[in-house]
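Q: Please take a close look at one helix in this model. Then set that part in the context of its chain and the partner chain.

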Amino acid sequence: MKLSGSTRSAAVSEGRFARACLLALGLAFLALFLLLPLAAVFAEALSKGLAVYAAAVAEPDAVAAIRLTLLVTAIAVACNLVFGLAASWSVAKFSFPGKSLLVTLIDLPFSVSPVISGLIYVLLFGAHGVFGPWLRAHGVEVIFAVPGIVLATVFVTLPFVARELIPLMEAQGRGDEEVARTLGASGWQIFFRVTLPNVKWGLLYGVLLCNARAMGEFGAVSVVSGHIRGLTNTMPLHVEILYNEYNFAAAFAVASLLALLALLTLALKTVLEARGAGPAGGPGH
Amino acid sequence: MRIDICNLSKAFDSAGRALNGIDMSIADGELVALLGPSGSGKTTLLRAIAGLETPDSGEILFDGENVASRDVRDRNVGFVFQSYALFKTMTVQENVGFGLSVRPRATRPPKAEIAARARELLRLVQLDGLEDRTPAQLSGGQRQRVALARALAIDPGVLLLDEPFGALDAKVRKELRGWLRDLHDRTGHTTVFVTHDQEEALELADRVAVINRGRLEQIATPAELYGAPATPFICEFLGSVNAFDVTAEGGRALWRGHALPLPAPCPAGAARLFVRAHELAALRPGSAQPGIPGSVEGVRLSGSHVRLDIRAAWGGPLLEAEVPILDFDSHPWKRGDAAVAAILAFRAF
């Protein structure tokens, strides 16, 4: 793009019209399917004024939904951070029987519909499920309670960190770790001082994606939640309930919060990618 | 530190290389090259010494002590990888100081001492002033020297280098070669390096171990290796060589139905004679010395000498003869010239 006008050869400038067309098509598509709905969310949320917006967001059920979403996201991201690191470390740095099976299984949550994921947990932990009666006898509620929502969210967001790290770690190979070992470093020292710094940008990227999905997950959570207002409603579920009650302004107000969180994630991701492209290395290097 | 390797074997590793009953000893302070074609197992042997590969059988002794049960981190080896494997998230100084900074608290020097030691080593490898750079900001040759300084920082009993000059361009390679020899002579570390470049091995090492298909063909000084190669493989691997498949008969060697004119009697039972390119003289027809009649089919300039491809009138593969450039300048050869290839020296197997 830096080269233009006279420095470009005639052969290249012939394609200028085609390029402009493609660019316009791309931008129009983007505006129609991404920017317009996003703008609509905010426009609708503020359609009855700021007061209604603030009331909808500050309403106790909404606050409970926001808190639950943040709690579930925190737990899910923490779980998948640990699992993703452990899984990608073992897949990329060691060879063991069942390795390809593990790699395939990591992708399972992506290939299964979230509704099915939720139903699996109902089958396992529901009142008539495999572990349900035993758990209930011991006073543990999973389905239609917070633990079920956490389980479903962890399951759905499981691949993000591992998927981001496995190719990165495989590309980096074992050389750095082997050198560190010859220099006398212990396993933990190697992990924290060599492996982790090498993948930190990729890891943050994976965590961000995982975070975005955990906050927005609807299908699986909807199945296991039970939709109890103020107790088991996450933000997406709360939006749905408000919408079904024709409370559009409130629904869009909460939705706009979710959208804002998504935009924040996107901004962070862009910053990370810019840093990763620098000399310190990062995603893809 | 003295290293003894006794009957070391390893079945095919993940890269398909194997080791087969390797026996060799490396004296304290010696600089030894492991030379072989790619896939010969030389890197596997180096990694086994470091403890990065586990042999199936055989022993490795450091100063007489079996190190089989010693983990890599307890072997005190300085290993320099072909790709250098510098820690890219650390500065040059942090890279060099890494080995000291991961020591158990009891034996770990204070931070200031680690930094001072790192700077001292960077001076030794002539990189002072670059302490705060990251590896990405260094040239290939500089990275190589940082990797070396990092390995030296733990005061290793042995320095192991995998293709130390493999990733560098020819000029830097040559410079670093002399520099490494000099560094070795000053620090006195027992050093083993892997290379596929015979010139590098012969020029740099005290002794060269030639490895082929997981076996040790010969370990000897460069002069012995070149002058008295123990196996046909070494003959063919070192320098350009002409091979004659012959039948020996009462001191004569029959090649393609003709008696080869040899400077010495052919030993009984010999089946293959090797003649280096510079041991095959290209003569004008009619000269007194007997040789193989033929004609020049190619003339190639190769630095200080000219290589002639000679097609023997008796058939067989092209013969290669080396002519010093000064002789060539006074009596040039050209394609199609009739020539007689006279064998000046040979080795029989």
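A: In this predicted model, helix α12 of chain A has a kink of about 60° centred on A:Lys200. The bend at a residue is the angle between axes fitted to the seven residues ending there and the seven starting there. Helices (H or I, at least four residues) and strands (E, at least two) are DSSP runs, numbered from the N terminus.

A:Val194 counts as buried because its relative accessibility is 2%; buried means under 20% relative accessible area, exposed over 50%, partly exposed in between (1.4 Å probe, protein chains only). Leaving out residues up to four places away in sequence, A:Val194 touches A:Asp176, A:Glu177, A:Ala180 and A:Gln189 in chain A, and B:Phe87 and B:Phe98 in chain B. Contact here means heavy atoms within 4.5 Å. A:Glu177 is 17 residues from A:Val194 in sequence, with 6.9 Å between their C-alpha atoms.

Now the chain around the helix. Chain A has 15 helices and zero strands. Its C-alpha trace spans about 65 × 55 × 30 Å along the principal axes. Of its 285 residues, 42% are buried. Among chain A contacts between residues at least 6 apart in sequence, 72% join residues at least 24 apart. Carbon and sulfur atoms hold 73% of the accessible surface of chain A, which comes to about 15,100 Å². Accessible areas come from the Shrake-Rupley method with a 1.4 Å probe; for residues, only the protein chains shown count as cover.

Chain B, which supplies B:Phe87 and B:Phe98 to the contacts of A:Val194, has nine helices and 21 strands. Its C-alpha trace spans about 80 × 45 × 35 Å along the principal axes. Buried residues make up 51% of its 349 residues. The accessible surface of chain B is about 15,200 Å², with 50% on carbon and sulfur atoms.

On conventions: residues are numbered from 1 along each chain as its sequence is written, and chains are lettered from A and ligands numbered from 1 in the order in which they are written. Local features need pLDDT of at least 70, side-chain atom pairs count only at pLDDT 80 or more, and totals for chains, interfaces and linings use all residues, while side-chain values use heavy atoms, without hydrogens and water.
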